[in-house]
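Please read the points below with the sequence and the model open side by side.

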Amino acid sequence: MDSPVSRRPSLSPRAAVLSAALFTLAAAFPAQATSGFGPLPPHNPYSGPQGTATMHGDTGSSDATPLPGPGTGPLTSKRVALQSACPTILVGSDGYPVALCTPIFGQVPTVHLLDPVTGESLTKLTIAKGSLLGGVYAYLDDQDRLVAVDGNRDLLRIGHRRTASGGWELYVASSLSLTGAVPEGDAVTGVSPDWRGRVWFATGGGVVGTADERTGTVRSLALPAGERVDNSISTAPGGTAIATSHATYLLTATEDGTPTITWRQPYDRGPARKPGQLSWGTGSTPTFFGPRTGTDYVTIVDNASPTENLLVYRTDTGARVCSVPVLKSGSGSENSPVAVGNSVFVASTYGYPYPALPENAGTSVPASADFTGGFSRVDVRADGSGCDLKWDTDTRSSAVPRLSTADGLLHTIVRSPLIPGTNSTSILDNFAYAEIDPETGKTVRTKSVGTGSLFDSLQMVGSIAPGGVVYQGTITGVVRVSNG
């Protein structure tokens with residue numbers, strides 16, 4: 001692994017102030033969507049900036065942001081080699097990106113603080129190793145600290161600060177043990193704060209809990225036996241949404257923090273895991289969205305065979321609004337839906353060649369498949385009476401797309417085969433940053449970021465930072481895309 005960069009960071013104090021000012025403006029108008037889509041989920045006061053605080057942008061997991069992408073003009077890209085897969089890249093109110101990565105060798109989770117100007121690692125900190133998916137999902141709190149659970153089942157808040165010599169260091173600001181709630185051999189999959197400052201967590205084995213660090217109180221609830229949680233969780237003022245391998249839940253907490261089930265909706269999990277998925281069941285982190293509050297609805301994609309369905313529920317009651325077949329060219333997805341206002345977007349991962357799978361993933365049916373691509377848009381009707389498929393394309397997105405309500409574009413990475421016109425994948429495929437028109441599903445601009453497996457974005461999420469900079473995690477580090 002590369003050693004930390006020893007030089008002083010190139011971001012000047014003035015630039016840091018300007019960066020913070022951009023975040024202040026974005027936070028001041030979090031629900032204003034200049035593209036006309038509708039409001040984003042409300043900003044959680046215990047999380048970092050809207051659009052860059054969580055892997056999926058906000059605690060509602062909308063995968064939408066009020067920040068614009070690179071804009072018009074020539075694009076440049078730079079690969080930052082970290083010898084690690086970097087699925088989580090978050091940006092705090094100070095403008096500094098924080099990346100949670102898993103090294104290729106040893107697979108010990110490592111936190112990197114990145115230079116906002118160059119993308120290079122300024123310093124790093126390793127945390128205890130857990131499961132393959134444990135520790136992947138984290139968030140930034142309102143003090144720009146990374147909140148994650150390590151392999152020792154400790155809830156950590158990791159901050160960054162200047163050293164006496166003028167460099168940077170990452171440090172553990174606080175730690176709370178969850179061993180009383182998380183069984184030995186289990187691991188926390190997702191964490192997210194609620195509107196009282198408690199940290200909600202869910203484990204792969206189906207334990208849901210809350211942790212109040214002010215009192216040291218940890219409360220938990222075991223979901224039905226056999227139900228796993230293989231994706232992250234989402235929080236909104238109305239509750240916490242969790243999708244297990246069998247059902248979607250909305251939970252709230254009693255006064256002492258004990259989780260309680262408000263509603264449960266089972267879904268069609270299909271006969272087995274599909275190729276291009278990491279678990280048997282939905283690949284979705286539940287997404288809150290809606291035209292009025294930004295959290296009127298919650299959505300996931302099921303695992304029905306042969307064609308998956310986008311499912312939309314009313315957040316307050318759990319009543320199903322619709323079930324719409326999607327991704328007809330490759331109907332399987334490990335990605336969370338992107339949603340804002342009345343519109344939902346979902347990208348296919350069917351057949352995507354993941355280099356590793358969790359130990360309990362199980363055999364896929366069929367055993368393998370081509371990566372055919374697929375991208376769908378579904379709109380909820382204005383009166384809430386149902387949903388309609390607006391478009392369905394064969395776009396080969398190799399990342400979770402991010403929708404900017406500022407520039408009205410979907411931003412992602414697309415994977416092109418070595419042999420044009422085929423659906424094969426190889427270590428010599430090309431990866432390109434792409435902007436997609438959400439009204440039509442057509443790609444309007446691309447910029448190649450590199451050829452070969454070093455640039456594989458591995459269906460991870462890109463993050464749009466102030467100044468129109470896109471940070472995209474890859475299997476070996478980070479790609480930084482910017483204008484000029």
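This is a predicted model: local features need pLDDT of at least 70, side-chain atom pairs count only at pLDDT 80 or more; totals for chains, interfaces and linings use all residues.

1. A disulfide is a covalent bond between the sulfur atoms of two cysteines.

2. C86 belongs to strand 3 (residues 84–91) and C101 to strand 4 (residues 97–103), so the bond ties together parts that are 15 residues apart in sequence. The angle about the S-S bond is 105°, and the link of C86 and C101 is right-handed. Because its relative accessibility is 0%, C86 counts as buried, and C101, with a relative accessible area of 0%, is buried as well.

3. The other disulfide joins C322 and C387, with 2.0 Å between their sulfur atoms. This pair links distant parts of the chain, since C322 sits in strand 22 (residues 320–325) and C387 in strand 26 (residues 387–393), 65 residues apart. Here the angle about the S-S bond is -75°, and the link of C322 and C387 is left-handed. Are these two cysteines, C322 and C387, buried or exposed? Both C322 and C387 are buried.

4. Turning to charged side chains, how many salt bridges does a search of the whole structure find? The search finds 22 salt bridges, among them one between R214 and D212, whose closest N and O atoms are 3.1 Å apart. The two partners fall into separate classes: R214 is exposed, with a relative accessible area of 55%, whereas D212 counts as buried, at 16% relative accessibility.

5. A salt bridge is also formed by E227 and R264, with their closest N and O atoms 2.8 Å apart. This pair links distant parts of the chain, 37 residues apart, as E227 is in the loop between strand 14 (217–222) and strand 15 (234–236), while R264 is in strand 18 (residues 259–266). E227 is buried, with a relative accessible area of 4%, but R264 is partly exposed, with a value of 37%.

6. The side chains of D429 and R415 meet in a salt bridge as well, at 2.7 Å from N to O. D429 lies in the loop between strand 29 and strand 30, and R415 lies in strand 29, 14 residues apart. D429 counts as buried because its relative accessibility is 0%, and R415 counts as buried because its value is 5%. Elsewhere, salt bridges that share partners join D141, R145, R157 and E213 into one network.

7. Finally, please look at the surface, where L418, I419, I427 and L428 form a nonpolar patch with about 420 Å² of accessible area together. One of its members, I427, lies in the loop between strand 29 (409–416) and strand 30 (430–436). Why is I427 classed as exposed? I427 is exposed because its relative accessible area is 63%, and the cut-off for that class is over 50%.

Methods
Residues are numbered from 1 along each chain as its sequence is written. Side-chain values use heavy atoms; hydrogens and water are left out. Patches are made of residues with over 30% relative accessible area and no salt bridge: like charges are joined within 9 Å, nonpolar side chains (Val, Leu, Ile, Met, Phe, Trp, Tyr) within 5 Å. Accessible areas come from the Shrake-Rupley method with a 1.4 Å probe; for residues, only the protein chains shown count as cover. A salt bridge is a side-chain nitrogen of Lys or Arg within 4 Å of a carboxyl oxygen of Asp or Glu. Helices (H or I, at least four residues) and strands (E, at least two) are DSSP runs, numbered from the N terminus. Buried means under 20% relative accessible area, exposed over 50%, partly exposed in between (1.4 Å probe, protein chains only). A disulfide is a pair of cysteine sulfur atoms within 2.5 Å.
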